[in-house]
Amino acid sequence: LQTYAEEGRVVIGARTYELAREAAVVRPLGDADLKGKSAPTAVFELLSLTDSGSAEDLARARPTASRG
């Protein structure tokens, strides 16, 4: 995703957007072919967080992944 972000901008993928959509204002950037993904993925620029969410809220909503 970092190749789609201009300096000083935050770009997120579809999964992150789904988790943050209640608390984030985004601008769709279209679909992108991302390394490790078999199909194009929707990409969004994160513009701001709304009053209904904070970074702490987003962190709590994030699922944890087991790597083993």
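**A tour of one aromatic pair and its chain**

Under the ring-pairing rule, with ring centres within 6.5 Å, the count comes to one aromatic pair. To view the pair, select tyrosine 17 and phenylalanine 44: their ring centres lie 4.4 Å apart and their planes meet at 25°, so the pair is stacked. The cut-off that this assignment needs is an angle under 30 degrees between the planes. The model in the viewer is predicted.

Next, colour the chain by secondary structure and keep both residues displayed. Tyrosine 17 belongs to helix α1, residues 14-20, and phenylalanine 44 belongs to strand β3, residues 41-49.

Tyrosine 17 has a relative accessible area of 23% and is partly exposed. Phenylalanine 44, at 12%, is buried, because the buried class covers relative accessible areas under 20%.

The protein chain contains two helices and three strands. Starting at the N terminus, the order of these elements is β-α-β-β-α.

Finally, select the whole protein chain. Of its 68 residues, 21% are buried. If contacts are drawn between residues at least 6 apart in sequence, 51% of them join residues at least 24 apart.

Note on methods
Residues are numbered from 1 along each chain as its sequence is written. This is a predicted model: local features need pLDDT of at least 70, side-chain atom pairs count only at pLDDT 80 or more; totals for chains, interfaces and linings use all residues. Side-chain values use heavy atoms; hydrogens and water are left out. Rings of Phe, Tyr and Trp (its six-membered ring) pair if their centres lie within 6.5 Å; planes under 30 degrees apart count as stacked, over 60 as edge-to-face and the rest as tilted. Helices (H or I, at least four residues) and strands (E, at least two) are DSSP runs, numbered from the N terminus. Buried means under 20% relative accessible area, exposed over 50%, partly exposed in between (1.4 Å probe, protein chains only). Contact means heavy atoms within 4.5 Å.
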